[in-house]
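I opened this one to see how the pieces pack against each other. My entries follow below the structure.

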Amino acid sequence: MDKDTAEQLLVRARGCIDLFNEMVEIAQSRCDKGEERVVRHAVGYALSELLDRLVVPIFSDNPDLIPEGLDYGPLDGPKFSELATKMNQQPPPSETRKKP
Amino acid sequence: MRKRRLAGATLVAACMAVCLVPIGCGARDEHAAAPRQGSGLALPPRTVQALQACVREGGQRLRHNAYEIEFAVEMTGDHVTEVKSKGPRLDDTGVQQCMREALRTMADAGFSPDPDELVSRGGLLPTRGMLANTWALPQVIRLIPVVVGSGGTMIVVAVAVLVVVAAVSLNDDRPSKEDCKKIKQMCIEECADTVLPRGDDGSAFRLCQQECLERHGCPRHS
């Protein structure tokens, strides 16, 4: 993936994360404690997946795209390019099912 | 007197040119070389190429022409568990981070420390260290430094590898992969309860999640 595409994806991911934060803020101001925690956990799982499966792998391939002053910790785990190679080697289950 | 000073300066400049040409001013713009020092163990060629790529891509952002930096690579068995920068750093965090990532994959690139060789070449640390649930005898070995450069910038990269050679488990209660999946869920919920909302692109949440996993004995990337 070229750098421009990586940047475009990161901008959108950042937009998602902003929306996630807004969702928690809405829950904080309008919901009871139980409801708020349901929203927090839903956002937490989605955020974790977005970071682990997309944002951090992109940063691992392009460390210079990490916003200045932000610390995401060690970028361990697979890079985006490694994930893509793995995906290319493993056809989606729907394709395997089609084969006789 | 002035003539003598000028001659002296010329001589120094000539010496410096002769000394620097093999590593800094070759016919090609890019260079990667391993000076003869260190333990005899070297970084795998793929890792050297990755370090070179870091300088090629980000070297123009560096402000100086020459740097000498050091990384400490911690290995447990055949896996790199941590890469830390030691001492002076580059003035561009992107290049520095890129190099850390390159070293993080040095085991995949073919670096496999031979424990016997490490014992004979590396120094045994005087103290025992406690790593998670394991008492470990770490060994430190310095690899042959690598010189990477591009566009007039030269970086000497020294790498010290800390290898846990002998590990004796005191208790066998390290969580399994399956346990770590459940612990991750707990960490996500804990961090969602305590860290959100934060306007920092998710970095605080990720750090919270990683620290929680580590606290419970799971790899940061579970």
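Predicted model: local features only at pLDDT ≥ 70, side-chain atom pairs only at ≥ 80, totals over all residues.

**Notebook: a helix and its neighbours**

I started with V56(A), which is found in helix 2 of chain A. Residues are numbered from 1 along each chain as its sequence is written, and chains are lettered from A and ligands numbered from 1 in the order in which they are written.

Is V56(A) buried or exposed? V56(A) counts as buried because 24 C-beta neighbours sit inside 10 Å. The cut-offs: 20 or more other C-beta atoms within 10 Å is buried, 12 or fewer is exposed, in between is partly exposed, with C-beta atoms placed from the backbone. I also looked up F80(A): it is 24 residues from V56(A) in sequence, and their C-alpha atoms are 8.1 Å apart.

**Chain A on its own**

I count four helices and zero strands in chain A, giving the pattern α-α-α-α along the sequence. Of its 100 residues, 25% count as buried. For contacts (C-beta atoms, placed from the backbone, within 7 Å) between residues at least 6 apart in sequence, 37% join residues at least 24 apart.

Next I checked helix 2 against helix 3 (residues 80-89) of chain A. The two axes come within 7 Å and cross at roughly 110 degrees. Axes here are lines fitted to C-alpha atoms, for helices over the stretch in contact, and angles run from 0 to 180 degrees between N-to-C directions. The two helices are therefore roughly perpendicular.

I used Ala, Val, Leu, Ile, Met, Phe, Trp, Tyr, Cys and Pro as nonpolar, Asp, Glu, Lys and Arg as charged, and the others, Gly among them, as polar.

**Across to chain B**

The contact between the chains takes 28 residues from chain A and 27 residues from chain B. On chain A, helix 2 gives the largest share of the side touching chain B, eleven residues. That side of chain A divides into 14 nonpolar, seven polar and seven charged.

I then followed helix 2 of chain A to helix 5 (residues 177-194) of chain B: the axes come within 8 Å and cross at roughly 120 degrees. That makes the pair oblique. Among the residues that meet are R37(A), R40(A) and Y45(A) from helix 2 of chain A, and I188(B), E189(B) and D193(B) from helix 5 of chain B. I logged five nonpolar, three polar and four charged residues for this helix-helix contact.

R174(B) is in the loop between strand 8 (153-169) and helix 5 of chain B. I get 14 other C-beta atoms within 10 Å, so R174(B) is partly exposed. Its C-alpha lies 6.1 Å from that of G217(B), 43 residues apart along the chain.

Methods
Contact = placed C-beta atoms within 7 Å. Parallel < 35°, antiparallel > 145°, perpendicular 65-115°, else oblique.
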